[in-house]
Amino acid sequence: MAGVEFVDVRKSFGAFPVIKGVDIDIADGEFVILVGPSGCGKSTLLRMLAGLENISAGEIRIGSQVVNSLPPKDRDIAMVFQNYALYPHMTVAKNMAFSLMLKNADKADMDRRVQAAAEILGLTKLLDRYPRQLSGGQRQRVAMGRAIVRDPQVFLFDEPLSNLDAKLRVAMRSEIKELHQRLKTTTVYVTHDQIEAMTMADKIVVMHDGIVEQVGAPLDLYDRPTNLFVAGFIGSPAMNMIKGRLDNDDPTAFVAADNTRLPVSNPPKEAQGKNLVYGLRPEYMRLDPAGLPAQVAVIEPTGYETQMVVRLGGTDVTCVFRERIQARPGDMIHLSIDAGHVHLFDAETGLRLTG
């Protein structure tokens, strides 16, 4: 196994830059997820690590070796693709062993590796089947098995769950995480789904427009987003954001554009006098008869919680309640806000202001 390091990595297609100087340090055995919207550069970065795209500038290291000029076969990596990429005329066993067959590996060793990977992934009874005889989840496990038998230094996953239905995606998330816990192999995983990132990663790299916005543990990004982009991207439902300023006479009050007053705890000095964005996660509001009046717009019960969109002053905000609430669109409710979990962002720079 080995760590991975990106050092000022850049990539341009012609005159158009798509990766604009990325620095990421991935420790040996770490599970790191690159996440961001379509077009942010995450898949291009993964393909450069795999050797499938050339690097315009910078260095990529696997262990202590710079791999910029190494072909993919010499990088000691294994990649799991979105579309499985299985050979339809080969059995599961032969698909899993294919890379070893190309290297003329010893047959006994090849069979041993295939059997071991099949046991880990629950494929032992399927080794004689063909891909057309498998479900989507089984095909993805075969693709993972093909990567495991190579015993690489680094696993690469390129949106491996995007072709699966919602229930199967949840199951496969657990399988991939359990697989990493068993093998302890350095893993770099690309997805646009922030729920996958939050539930699976040791460390998340949030990308946007070819740059890294923030790197950190999932809950660190959730609790302390560095800017408005990360705050809005990480979390489902997304963070509520309201424009306004601190009250000149009472800095513990935030005054929205429609003059609605919202509580703030320990506002930083640099926030005074600036145009701000008030950030609040949906779960940090609760029903309170003495709280702020809000009109119910949309109710979305999910069973274990109730999501609700309400009009607070002139702004629509999303709330999440654990209890089941008897309310209808148009009803008035009253909310209190946990001021200790409020974020203030500079509206001009987008950066979070800290106290």
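Reader: How many helices and strands does the chain have?

Author: This is a predicted model. In it the chain has eight helices and 20 strands.

Reader: What does the C-alpha trace span along its principal axes?

Author: The trace spans about 80 × 45 × 35 Å. The chain has 355 residues, and 48% of them count as buried.

Reader: Which domains is the chain divided into?

Author: Domain 1 covers residues 4-229, and domain 2 covers residues 238-346. Their C-alpha centres are 39 Å apart.

Reader: How many residues are in contact between domain 1 and domain 2?

Author: Six residues of domain 1 are in contact with seven residues of domain 2. The area buried between the two domains is about 590 Å², and carbon and sulfur atoms give 61% of it. On the domain 1 side, Tyr 222, Pro 225 and Leu 228 lose the most area to domain 2; together they account for 84% of what that side buries.

Reader: Why quote an area for an interface?

Author: The size of an interface is often expressed as the accessible area lost when the parts come together.

Reader: Let us change topic to helix 1. Why is helix 1 described as largely enclosed?

Author: Helix 1 runs over residues 42-50, and seven of its nine residues are buried, so the rest of the structure largely encloses it. The buried residues are Lys 42, Thr 44, Leu 45, Leu 46, Met 48, Leu 49 and Ala 50.

Reader: What comes just after helix 1?

Author: Gly 51 follows, and it takes a positive phi of about 90°.

Reader: One more residue, please. Where does Pro 17 lie?

Author: Pro 17 lies in strand 2, which comprises residues 16-26.

Reader: Which residues does Pro 17 touch?

Author: Leaving aside residues up to four places away in sequence, Pro 17 touches Lys 11 and Ser 12. By contrast, the C-alpha atoms of Pro 17 and Met 110 are separated by 43 Å, and these two residues are 93 residues apart along the chain.

Terms used
Residues numbered from 1 in each chain as written. Predicted model: local features only at pLDDT ≥ 70, side-chain atom pairs only at ≥ 80, totals over all residues. Heavy atoms only, no water. Helix = DSSP H or I, 4+ residues; strand = E, 2+ residues; numbered from the N terminus. Buried < 20%, exposed > 50% of the residue type's maximum accessible area, 1.4 Å probe, protein only. Domains from an automatic or database assignment. Contact = heavy atoms within 4.5 Å. Buried area = accessible area lost by both parts, 1.4 Å probe.
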